[in-house]
Structures are given as structure tokens and as C-alpha cells.
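Here is a short briefing for a first look. Please keep the sequence and the model side by side while reading.

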Amino acid sequence: MTNIDTWRALLSERNTDEVVTKALVRDVQLPYGAGTMALITLDNGFDHTKPNTFGPHGLFALNGALSEIAQRTDLAAVGVTGKPFIFAVGADLKGAASVASREEALAIGALGHHVFRRLGELAIPSFAFVNGAAMGGGLEIALHCTYRTISAGVPAVALPECFLGLVPGWGGTQLLPRLVGPANAIKLIIENPLANNRMIKGTDAFGLGVADAMFEPADFLEESLRWAAKVVNGDVAVERPAHGEGWEKAVNDARFLVDMKLRGASPAPYRALDLIARAETAGRDEGFAAEDDALADLLMSDELRAGLYSFDLVQRRAKRPAGAPDASQARKVTKVGVVGAGLMASQMALLFARRLEVPVVLTDLDQARLDKGVGYVHAEVDKLLSKGRVSPDQANRLKALVTGSLTKDAFADADFVIEAVFEDMAVKKQVFAEVEAVVSAECVLATNTSSLSLTEMGAGLAHPERLVGFHFFNPVAVMPLLEIIRGAATDDATLATAFAVGRSLRKSSVLVKDAPAFVVNRLLTCFMGEVVAAVDEGTPLETAEHALDGLGLPMTPFALLQLVGPAVGLHVAETLHEAFPDRFGVSENMAKLVASGKPGVYRPDFTLDPEAVALFAGGSAPSTAEQVRERVLRALAKEIRIMLDEGVVAAAQDIDLCMILGAGWPFHLGGITPYLDRSGIARPRFLEPGVASLPA
């Protein structure tokens, strides 16, 4: 029995609901008399909204096509391309989640290698014509080919496996470093996935050397075939630089950065680095076998299932927010008003102008503040222009869309007005009274409050039903979460409009009940409160600061406090203490830190400020790091259980989604509720049985 027969016997009966990507072969006569190319088109039979993926049956289909091609003697070349807008996006993740044994996992890795490597080992040259999105195994197919062209319109090129708890397991860790050098390979394999799964565009991929030629989308395939013909005829010689130096340094530097970011919490990036290091000297057989072993280990890991749970949240639940009204009730937004011209307000103004492409007017108390806010927007547009992210015409249009006014009369024809003023109830109520006096009866009023009650804020309005919470996270352009809060009087039309605007802003919106500090800030304040309380009791600040390093959180508690500002942290703690005095305390030492005027406990060089640390001295009941960790996690589990009982969100998944997208809860931990359940900190008596558990 051959290997392919063994794999077919082992894998054919699993994942029977696989959407099979077919390998459709047609002969194409290359121009310039270069001969016949067998052109394979990858196509699963659906449009671009269901991308090409590969499970066992798709791999067997591609293998069959390559077997037929290999037997032919009349071909000058073979080509691979995708259906419109999509090349291929890798492995079928639904199938990955159901792998039942290491034997199956090894077979999946080995089968992918067996099929893909044939493209680079045929007797004739192979060409990948990357016409659309190419991710994971899709990019690896292209890497196995002898040559590659890419469309300038490709929106996404990535190897996202480390983001999910895997490694590129079908050749990526071995072929890419040799093609583009270890440093560029590490950027695609490790750095980008750990930066919230950042993608690059086709133009960037060409710049890195992933592709040998780039053509415009309109005639991409035709130009690619002309180029391929010239390569076959010898009229074009493809030369690639050698990458023999700096390999060890690139890997060691990356390992240091991964340690800084994850502190050993997720195995996948470390396994990927080991494989990249091996690629410097390993032959194909050895390197691919090492990928098989790594893939098999990781496919059976808790980290993978956690990553797939997180992926499902951000790819599916985030796109269908629980409790959102029917979109048909949303009102059209043709102009936006922003009350305030500070940093947060200016960031919002730029985002509204870029995504909605409607006029945005800022107001503030004096001309200097107003000029500073509008100036910030214009400066940011200039940065986008310098990076090539907008054209000169687009830059001019964006600048023209954002204006300032010293009076709120400028909001008279606005459809959506959001305030971003000081976090004080009296100030916000006054602002909305002034806005309501000039806007139309249909204008939505939105607040960016991080903790205050919408119901109280709207109590004095003539139309409180049009007030909605619209809570951004900082920095506005980067953080994907938008907490949309429904007050006691908020009507469906207002809520539907808020969700429609959120979609236009390309945010992931979660519906939240009008509860103190909502979701993210409530849990972060709980988290921070327990750490600060431990320090107040006498735990050394450095011990408490690093007690949760093993989770791989994006930053330590006091670093987070420095980012948001001690005054903001203290204000939210006071708000929650007023609402829940038995669960949220207010640290006297934190109040001392705020009174001191210090920005936090760190100096600009990120060393601890002894004067700030001294403000927390005096406790006589220190805890160990393990005690601090357990204390924090138990408090979070208890608070989440209460929030679910209160109906702050529809389900535990929404809390997980909020923490992943708004607080940087690590993807590899699989959401906060299943992590607490899995770790033994929380059991079903705390969290909803089944709902908060990882999928089987």
C-alpha cells in the first residue's frame, strides 16, 4: 500500500462535510511559441465569500490532477491560480478542530507536503499566479512552485498559523526563509500573526520577494501567462538573492521579542522559530518531516482548540452581534458631529471621515483647542499619504470633510452626534442638552463614556430614546471593539443606526446592557483592583506586577495603568465602588499616585520610579506571585458569573469577544471564560455549562 493509499484510508471518512476545493485543469497555449501549459484553477464552486480551503478530499483532488499532469510529455509548464478574488486560504479549520489522534495529525501534515511538493518537483517548471487572497496553506502552495506572480490588487497575504496556535505545516517554515531571508520570513510567520493577525497586501508581498513579478488586476492572468512564456523561452531570467548570513541572529532576535510578548505562554511561535532555524541547513525531507512533527503536536494541543474558539468568535459571532435590531431600521447618516476636540475626539473624527466619507464637524470651547484637533486630523492624513495608504485626491477630500466650529449650531443638519468630553456626568448632561436644542428629532446622540450610566445621562433629555452608548477603545483606529450600550429608553431605530455605523467603521460591535463600566473596563478594573490590593497589603510591586506573566497578556497591570492614566483608572474604580461597594475597592495609595501627578509607576525609560513605588509601601501581609494570580483569576470568575446573571451581555461568548478585541486577552488562551473553566479556577457553578467550554 502506497503512502497516498494509507492516508486515503485514514482520512477519507473524516470531515465528511468538507467543502471540497477542486483542481480544474485546462490546457493553455502560451504566447511566443512557448508551448502548452496545464493551468490548474482552484475552485470550491462558491463565490469569494466562501474561500478555497483544503481538507483531505481537496488535497486528494489536487494530487490526482498533478498525477495526470506528471504523466504527460506534451507540456512546457504547469500553472496554478484561483477563482475570482481568491487564490486559497489554507487548511479547513473545521476539520482541524476535529482531529482525533496524533496519527491523523501526522497524516494531515504528510499528505499536504506530499501533494504540494510535487509542484516544485515536476520535470517542467511550475508557476503560481496569485490572483487573490493567499493565506496559510494557500500561500504555501505558491511557495512550492518554481515561480510566482501576484496581482497588485491582492488584499491579503499571510501565514496566520501562529495566531491560531499552529505553525505553517505544509512547507512554509522551510521554503519562505530561503526565498526571502529569515528576517522577512519571521515577519510573516511570527511577527504579523502575533500583531493581531496582521495581513500584508500583494504589493507588500512582492516587495518582500515572495513573488517574482507583479501585474495589475485587470489583465493579471494574461500578463502572467506572457511573463511565464518569456521565462520558459529563456527571455526572462529570475534571479533571487542568497540568504546565507544573519540567520542565527534573526532567529535569536525574534526569540527575544516572542519572550517579551508571550513569556513562554504559547508554544506555536517557539516551534516555528525552531523550524526556521532548521531551514538554514536542513534538506527538504528533513525539514518537512520536522514540520509534520510540530504540526501533529500542536493539532492535539489545548492551545489550538483555544485559538480556534477565539477565531470562531471574531470571524462569526462578531459579524452577527447578538441582540442587534434588524438593520432595516437604521437611519442614514450623512453628517457626523463630534463634541470635543481632544485626542480621542480627533481620532474619532478621522475614523468617521475615512470610513463613512461624510462631513464631520468638531466643536470645543475655544479656537486653540479646535485648531489643535483639526490640525491633528490633517497631520494624520498627511501620514497616510506619505505611506501611500491614500492618494493625494483622497487626502484632500479627507481634510475637507473634517472641520471645526465653536458653536453647536453646526450640528443642525447632523444625523449622528457623539460626545468625547470629560468623564463627568454633569458635563455630559449639559453637553447633550445643548446638542438636543439644535439637532433634528431623528439625530442619534451617542456617548463615548467608559463607565457612566446612559439612563441617568439621558434622564433630562426630551428624547432619551435616541441616546446610545458608543464606547471606543484607544487607539481608536486600531482597536477593533465597539461596545454599543442600550440605555433604559434607547429605541430600536437608534440601536440599529449605531450598529450600522459600527459596521461602516469596520468595528466589531457587541451589545451591552447599561451597567457600570460595561464589560471591558469592569473586568479590567476588577483585575487591576486585585493586583493593587495585593500591593497595598504588602506584596512587592514587582511580584504582583509579574504574577500573571504566564498568561502572555499584552502588558502587565501597572503598564496598563500607565497607558490609560492613573486618574482614569481611579475614576472607573470609584464608579464601580459606588455601584458595587462589596466587590470593588478604592485604593488610598492609588489616590496618592494620582495626587502626586505622576503618570504611573514607570519612568520614561520603563524602569520603576522609586518615588511612585514608595507611595504603595506600608502593607504587612504580602502574597506570593501564585497567590496573586489565583486571587485575580477567582475575582474575575466571580465577576463574570455576576455579569452573566445580570444580563450585561447575551452570553459568555460576548464577554470573551470583548476581552479579546478590547483588552488584548491572548488569542491562544481561547477567551477568558473557557480559560477560567479549563484552568480549574472556575467550574460550571461559576460559568455557564457548555457555553463557556471549549468546543470538542
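An open sheet of 8 strands runs in the order S12-S11-S10-S13-S14-S15-S16-S17, with mixed pairing. This is a predicted model, where local features need pLDDT of at least 70, side-chain atom pairs count only at pLDDT 80 or more, and totals for chains, interfaces and linings use all residues. Residues are numbered from 1 along each chain as its sequence is written, and side-chain values use heavy atoms, with hydrogens and water left out.

**Sheet**
- Strand S12 (402-405) and strand S17 (508-513) each have a single partner strand, so one side of each lacks a neighbour in the sheet.
- Strands are DSSP runs (E, at least two residues), as are helices (H or I, at least four); two strands pair if DSSP finds at least two bridges between them.
- Strand S11 (residues 360-363) pairs with S12 in the parallel sense over 4 bridges.
- Leu-362 has Gly-404 in S12 as its bridge partner.

**Aromatic pairs**
- There are 14 aromatic pairs in the structure (ring centres of Phe, Tyr and Trp, the last by its six-membered ring, within 6.5 Å; planes under 30 degrees apart are stacked, over 60 edge-to-face, the rest tilted).
- Phe-163 and Phe-667 are stacked, 3.8 Å centre to centre with 25° between the planes.
- These two residues lie 504 residues apart in the chain, and both Phe-163 and Phe-667 are buried (under 20% relative accessible area, 1.4 Å probe, protein chains only).
- Phe-558 and Phe-616 are edge-to-face, at 5.8 Å and 80°.

**Charge over a ring**
- The charged end of Lys-50 sits over the ring of Phe-46, 5.4 Å from its centre (NZ of Lys or CZ of Arg within 6 Å of the ring centre and within 35 degrees of the ring normal).

Technical notes:
Buried means under 20% relative accessible area, exposed over 50%, partly exposed in between (1.4 Å probe, protein chains only).
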